[in-house]
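I opened a notebook for this structure. The entries below record what I looked up, in the order I took it.

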Amino acid sequence: MANEGLSAILQENLLSLLCFDDKHAVIIRGIVPEDSFEGHYREVARTVYVYVDSQKESPKGHLPDLFDTIIERDDRKAKQFREILRHLNRTHSDVNAEFVMKRLYDFVRMQSLKGATMEAIEIFQQGQVSEDALHRIESIFTSAMRRRLEVFDPGVSLGDVDKSLRYLDEPDEEVFYTGVKELDKAKLGPVRKGLHLFIGLRKAGKTWWLVNLAKNAYLEGKRVLHVSLEMSEEKMVRRYHQALFAMCKRRPESDREALWQTRFTLDDLGRLEGLTQSELKPKLSLDDRNIRKKLARRIDGLGVRLDRIRIKSFPTGQLTVAGLVAYLDMLEQQSNFVPDLLIIDMPMLMKLDARYQRLELGRAIIDIRGICAERNIAGAIVGQSNRAGVGKKRVGGENAAEDWSQNATADVVLTYSQTEAERRLGLARIFVDAARDEQDKWTVLISQSYATGQFCRDSVRMTDHYWSVLEGYGNEGGEEASEEDTE
């Protein structure tokens with residue numbers, strides 16, 4: 001067949017360069033797995049690879065010495081190897097190295113697809129194919145199709161003035177807004193090819209944080225995919241409508257039920273001086289008999305812009321990394337939807353082997369960051385605090401449940417803390433536990449209104465003076481947020 005003939009020619013040319021071209025031998029050895037070669041070519045490649053590894057050059061005139069125990073015999077295999085070596089020696093000077101290296105991409109990709117096909121067949125042959133097995137198969141082929149030979153780029157030498165100073169001409173790293181002005185000033189939002197981790201106690205506003213990130217990305221014209229492993233799509237859509245339209249669930253019927261917002265008063269240097277409260281009067285409420293019509297009018301007014309946000313719910317404990325990859329591919333191929341921001345709420349609810357829960361969670365988070373890097377998208381996830389974080393005045397990164405290594409994987413780690421007094425006043429604190437390229441170990445004080453879907457209405461850097469200010473407001477405040485509101 002034509003494809004098989006082409007494969008043999010490419011293998012011969014690659015072997016020629018491997019055996020006689022110092023410049024390309026090391027590159028080929030690093031790129032092409034030995035099992036990409038077939039038949040006797042594979043054995044030749046395996047032996048030459050050992051030589052290249054030790055000598056850092058091609059064997060050239062030493063090539064026959066590498067196979068002396070074979071070619072000195074008097075059998076069919078010896079005859080075939082002598083012919084292969086004679087052919088390589090005779091033709092290597094005629095090989096167009098530049099052309100062959102350009103074709104190397106096609107060669108490796110073809111062999112990768114062959115391997116993917118064989119791996120998929122093995123899965124099919126195991127019997128009944130489960131949903132997880134189908135995800136694995138889809139992931140196998142996706143990885144094969146996406147394979148790139150970036151190692152052709154030799155990297156940057158610090159002595160090369162033009163290349164080493166290229167970063168001066170690069171635009172600033174694209175940082176997604178959080179809506180918390182203190183964090184945004186410090187450029188601590190999600191970034192492309194990175195992972196953003198937010199840690200909080202159970203039912204403490206982690207999902208609202210993700211909705212808040214999505215809303216701000218949407219307002220900046222970005223596309224967002226929100227993967228929920230805990231809430232239904234209907235509940236998630238309601239939260240987005242609350243966040244986008246400042247809608248409450250129930251309109252207050254008396255002064256006692258009034259909704260309040262807390263704001264910060266600052267001194268001349270922008271430091272916290274005091275707290276004030278004002279009443280919130282939302283225009284939309286879910287208990288309004290005309291709410292469907294009012295929401296439809298607002299949605300129609302935004303038109304296709306709202307298509308920039310997509311919500312997908314998977315059953316708890318069912319989504320695998322392979323399944324996530326398959327879903328992203330499906331969105332790209334069928335809906336032409338490629339997110340700028342990928343939100344996963346939350347990785348610890350993915351399908352993980354209970355026997356190795358911590359290890360598998362850490363591996364899944366590493367894979368999620370790899371997906372973001374490969375696809376040039378920003379990733380945002382949330383993690384739950386362990387029991388040690390309960391009752392603490394400040395939750396720290398060390399309180400991450402299950403696997404602490406997720407903190408090391410993430411580029412930015414934020415933790416969320418709130419005392420009961422703060423909860424009554426609609427206040428909370430975000431601690432910058434870790435930041436890869438920015439200052440960390442500082443705290444932001446935020447005011448919130450979960451009742452109207454607003455994770456952050458105001459923010460200020462926290463100072464020690466805050467606790468004395470808070471003490472004066474200990475038992476004041478409007479309606480408390482319900483557990484459902486804050487989860």
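**Entry 1**

Which residues of H3 are buried? I found Tyr 41, Val 44, Ala 45, Val 48, Tyr 49, Tyr 51 and Val 52 to be buried. Before going on I noted that this is a predicted model, in which local features need pLDDT of at least 70 and side-chain atom pairs count only at pLDDT 80 or more, while totals for chains, interfaces and linings use all residues. Residues are numbered from 1 along each chain as its sequence is written, and side-chain values use heavy atoms, with hydrogens and water left out.

I wrote down two terms here. Helices (H or I, at least four residues) and strands (E, at least two) are DSSP runs, numbered from the N terminus. Buried means under 20% relative accessible area, exposed over 50%, and partly exposed in between, with a 1.4 Å probe and protein chains only.

I noted the general rule that an α-helix has 3.6 residues a turn, so residues three or four places apart point the same way.

I then checked the length of H3, residues 40–55. The expected span is 1.5 Å times one less than the number of residues. Lys 56 follows H3 and has a positive phi, near 60 degrees.

H13 covers residues 291–302, twelve in number, and should span 16 Å. Its end C-alpha atoms are 17 Å apart, which agrees. After H13 comes Gly 303, with a positive phi near 60 degrees.

**Entry 1: the sheet**

I listed the strand order of an open sheet of nine strands: E5-E2-E6-E7-E1-E8-E9-E10-E11, with mixed pairing. Two strands pair if DSSP finds at least two bridges between them. E5 (309–313) and E11 are the edge strands, each pairing on one side only. Neighbouring strands of this sheet are turned by 25 degrees against each other on average, direction ignored. The axes behind that angle are lines fitted to C-alpha atoms (for helices over the stretch in contact), and angles run from 0 to 180 degrees between N-to-C directions.

**Entry 2: strand E6**

How many residues of E6 are buried? For this strand, residues 341–345, I noted five of five. Leu 341, Ile 343 and Asp 345 point one way, and Leu 342 and Ile 344 the other way.

E6 pairs in the parallel sense with E2 (residues 224–228) over five bridges, and Val 224 has Leu 341 as its bridge partner. Four bridges join E6 to E7 (residues 378–384), also running parallel; here Ile 344 is partnered by Ile 381. From E6 the chain crosses through helix H15 (residues 357–375) to E7, and this β-α-β crossover is right-handed. Right-handed means that, with the strands pointing away from the viewer, the path from the first strand over the helix to the second runs clockwise.

**Entry 3: the hairpin of E10 and E11**

E10 and E11 pair in the antiparallel sense over five bridges. Four residues lie between them in a hairpin, and Gly 453 in the turn has a positive phi of about 75 degrees. Six of the eight residues of E11 (residues 454–461) are buried. Val 444 stands opposite Arg 461, and Leu 445 has Val 460 as its bridge partner.

I looked at Val 460 on its own. With a relative accessible area of 3%, Val 460 is buried. Val 460 and Glu 182 are 278 residues apart in sequence but 6.4 Å apart in space, C-alpha to C-alpha. Contact means heavy atoms within 4.5 Å. Not counting residues up to four places away in sequence, Val 460 touches several residues, among them Glu 182, Phe 264 and Leu 272.

**Entry 4: the cores**

A nonpolar core is a set of buried Ala, Val, Leu, Ile, Met, Phe, Trp, Tyr and Cys residues joined through side-chain atoms within 4.5 Å. The largest has 72 residues, of which Leu 183, Trp 209 and Phe 455 touch the most other members. Helix H11 (residues 206–219) gives the most to this core, with eight residues. A second, separate core of 30 residues includes Leu 14, Leu 17, Cys 19 and Ile 71.
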